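Hi,

Here is the structure I promised to pass on.

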Amino acid sequence: MGGFLYGVALQWKLDLRSRTMLIACYAVPLLFFAVMGGIFTSVMPGSNETLIQSMSVFAVTMGALIGLPPSLAEIYRSDVKNAYQANGVPLSLGLVLTNISAFIHLLVMSFILYIAAPIAFDAKIPEYPGAYFAALIILIVVSLSIASVIGLAVKDTANTSMFSILLFLPSIMFSGIMFPKDMLPKVLLAVGKLFPATWGYELMTSDTFSLQMFWPMCGILLAAIVVCGVLLKRIQTR
């Protein structure tokens, strides 16, 4: 257990030194919050009611899809993988450690937004903080599972960012955080439901913890876990 916690702490420090993770988990979400928070509250009446949720969805989606895959690619597409195998360390450990570290980063970033939004833009604090943070944790976990699939599946590390962006953009545009979803065509609404950001935003803005929104997130998570297991076995046999 001590060795595992040491590994988590070490991965945390490595992520803080990683320019990609630092930019994706902290710099860009904070910049987006500073710029778009003012725009939302100025041109969209009532947006301060869900500003914390909107900013958190962006931060989590950005940090997970853009920040995590390159870290996984560095492990499984480099000599780190050989070092794991040479020392008898399960390859799954790298996946677990990077996910736990990224989870902590995203939770910290979300908490910063939770504190800063009411101060900076008079954003409304969620009426039920317990339900909000439960939904937030679920969104982080599911988003990281999708990001893990990208990091393990893409063979060419140079293409990792491209695939991440291809998932990131529709996740944000069709989730409802940029503009009301009733402005979108039905086809795009259906596409948006394929991404955890859409369900996470609905769950975080709901007055109650709805199982109707929870089960799709579970389905996405289970599918991602199965795919990650298959990909790890393929990597191990290479």
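Let me start with how I counted aromatic pairs: rings of Phe, Tyr and Trp (its six-membered ring) pair if their centres lie within 6.5 Å, and the pair is stacked if the planes are under 30 degrees apart, edge-to-face if over 60, and tilted for the rest. By this rule there are seven aromatic pairs.

Before the details, two housekeeping points. This is a predicted model, so to speak of local features I need pLDDT of at least 70, and side-chain atom pairs count only at pLDDT 80 or more, while totals for chains, interfaces and linings use all residues. Numbering runs from 1 along each chain as its sequence is written, and side-chain values use heavy atoms, with hydrogens and water left out.

**Ring pairs**

Phe33 and Phe121 are edge-to-face, because their ring centres are 5.2 Å apart and their planes sit at 80 degrees. Phe33 is in helix α2 (residues 19-43) and Phe121 in helix α5 (residues 92-121), 88 residues apart; helices here are DSSP runs of H or I, at least four residues, numbered from the N terminus.

Tyr114 and Phe133 make a tilted pair, 4.9 Å centre to centre with 50 degrees between the planes. Tyr114 lies in α5 and Phe133 in α6, so this pair ties together parts 19 residues apart in sequence. Tyr114 is buried at 11%, whereas Phe133 is partly exposed at 23%. Ring pairs also link Phe32, Phe58 and Phe168 into a cluster.

**Helix α2**

α2 has 25 residues and reaches 33 Å from first to last C-alpha, close to the 36 Å expected (1.5 Å times one less than the number of residues). A kink of about 30 degrees is centred on Met36, the bend being the angle between axes fitted to the seven residues ending there and the seven starting there. Met36 is itself buried, and the buried residues of α2 also include Phe32, Phe33 and Phe40.

A pocket is an open set of points on a 1 Å grid where a 1.4 Å probe fits, with protein on both sides within 12 Å along at least five of seven lines, and lining residues have an atom within 4 Å of a point. Of its 15 lining residues, Gln53, Pro126, Glu127, Thr205 and Asp207 are the closest to the centre. α9 (196-205) is one of the contributors and gives the most, with three residues.

Key
Helix = DSSP H or I, 4+ residues; strand = E, 2+ residues; numbered from the N terminus. Buried < 20%, exposed > 50% of the residue type's maximum accessible area, 1.4 Å probe, protein only.
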